[in-house]
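Try each task before reading its solution.

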Amino acid sequence: MRATIRFGAIALALAITAAGCGAPPTADIDAARAAVDKAVTDGAGQYAAEAIKAAQEAQAALDAELKAQDAKWFKSYDKARELAAAAKAAGEKAAADAAAAKAEADARAAKEQAEAEAREKAKAEAVRVGGKIRPPTKVKDVKPVYPDAARSGRVQGVVIIEATIGANGRVIDTKILRSVAMLDQAALDAVKQWEFTPTLLNGKPVPVVMTVTVNFKLQ
């Protein structure tokens, strides 16, 4: 009888010890959550949507595993440690992806802003072709694409455009002076791709304003 009681006590002690040995990897769990939270704070939702989704799914898998272990008498956190490491890595990747995408977006926005300011400056400084200002020579011609609807409707005619040519010879602004319904956009799309020799004034390249025509004629 005493042997049975002693054995039962030992078994109970071993069970309690075994249950107590399975301590959750708190440091790993906190690091994983911190990494995912940082990615969210760094704008991963805006700049790295797929990466933050993967990180949050990894975090959810970790939380589910921890909940499952909490319901058990004999706990094992080996899988939780692996999931925590995966969630941490996914969070760090999302943060890195967001930082890279944000830097690229900021650089693109800065470039577009600089180009817009340069265009406005060139438009303000542009001189109109005429007199001593000779028209520049076109060095790159792009033919307009005849719109299918216009072709089907037998629409043809000449679109007249006022084009501002930058000091580098590229078209930086366009404005319709004479419109032909259904043909204007095709004309603008073509003219914007034209390139010219730079126009010199007192030996320096300057932006100029000139009138160009785009002729649409059905065969």
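**Exercise 1. In which helix is glutamine 59 found, and is glutamine 59 buried or exposed?**

Before starting, note that this is a predicted model, in which local features need pLDDT of at least 70, side-chain atom pairs count only at pLDDT 80 or more, and totals for chains, interfaces and linings use all residues. Residues are numbered from 1 along each chain as its sequence is written, and side-chain values use heavy atoms, with hydrogens and water left out.

Step 1. Glutamine 59 is found in helix H4; helices (H or I, at least four residues) and strands (E, at least two) are DSSP runs, numbered from the N terminus.

Step 2. Its relative accessible area is 10%, so glutamine 59 is buried. Buried means under 20% relative accessible area, exposed over 50%, and partly exposed in between (1.4 Å probe, protein chains only).

Step 3. Leaving aside residues up to four places away in sequence, glutamine 59 touches Ala32, Arg33, Val36 and Ala87, where contact means heavy atoms within 4.5 Å.

**Exercise 2. Work out how H2 and H4 pack against each other.**

Step 1. Take the axes of H2 (residues 26–41) and H4 (residues 49–70): they come within 10 Å and cross at roughly 150°. Axes are lines fitted to C-alpha atoms, for helices over the stretch in contact, and angles run from 0 to 180 degrees between N-to-C directions.

Step 2. The two helices are therefore roughly antiparallel. The cut-offs are under 35 degrees for roughly parallel, over 145 for roughly antiparallel, 65 to 115 for roughly perpendicular, and oblique for the rest.

Step 3. On the H2 side, the contact is made by Ile29, Ala32, Arg33, Val36, Ala39 and Val40, and on the H4 side by Ile52, Ala55, Gln56, Gln59, Leu62, Asp63 and Leu66.

Step 4. Sorted by type, the residues of this contact are nine nonpolar, two polar and two charged. Here Ala, Val, Leu, Ile, Met, Phe, Trp, Tyr, Cys and Pro count as nonpolar, Asp, Glu, Lys and Arg as charged, and the others, Gly among them, as polar.

**Exercise 3. Now describe how H2 packs with H5.**

Step 1. The axes of H2 and H5 (residues 78–125) come within 8 Å, crossing at roughly 20°.

Step 2. That makes H2 roughly parallel to H5.

Step 3. From H2, Asp28, Ile29, Ala31, Ala32, Ala35, Val36 and Ala39 meet Arg81, Ala84, Ala87, Lys88, Gly91, Glu92, Ala94 and Ala95 of H5.

Step 4. This contact divides into ten nonpolar residues, one polar and four charged.

**Exercise 4. How many of the eight residues of helix H7 are buried, and what covers them?**

Step 1. In H7 (residues 184–191), six of the eight residues are buried.

Step 2. These are Asp184, Ala186, Ala187, Leu188, Ala190 and Val191.

Step 3. Their cover includes strands S3 (157–165), S4 (171–178) and S8 (208–216).

**Exercise 5. Decide where to read the model with care.**

Step 1. The mean pLDDT is 90, and 90% of the residues reach 70 or more; pLDDT is the predictor's confidence in each residue, from 0 to 100.

Step 2. Over residues 11–21, however, the pLDDT is below 50, and this stretch has five contacts in the model beyond near neighbours in sequence.

Step 3. Where pLDDT is low, the predicted coordinates should not be read in detail.
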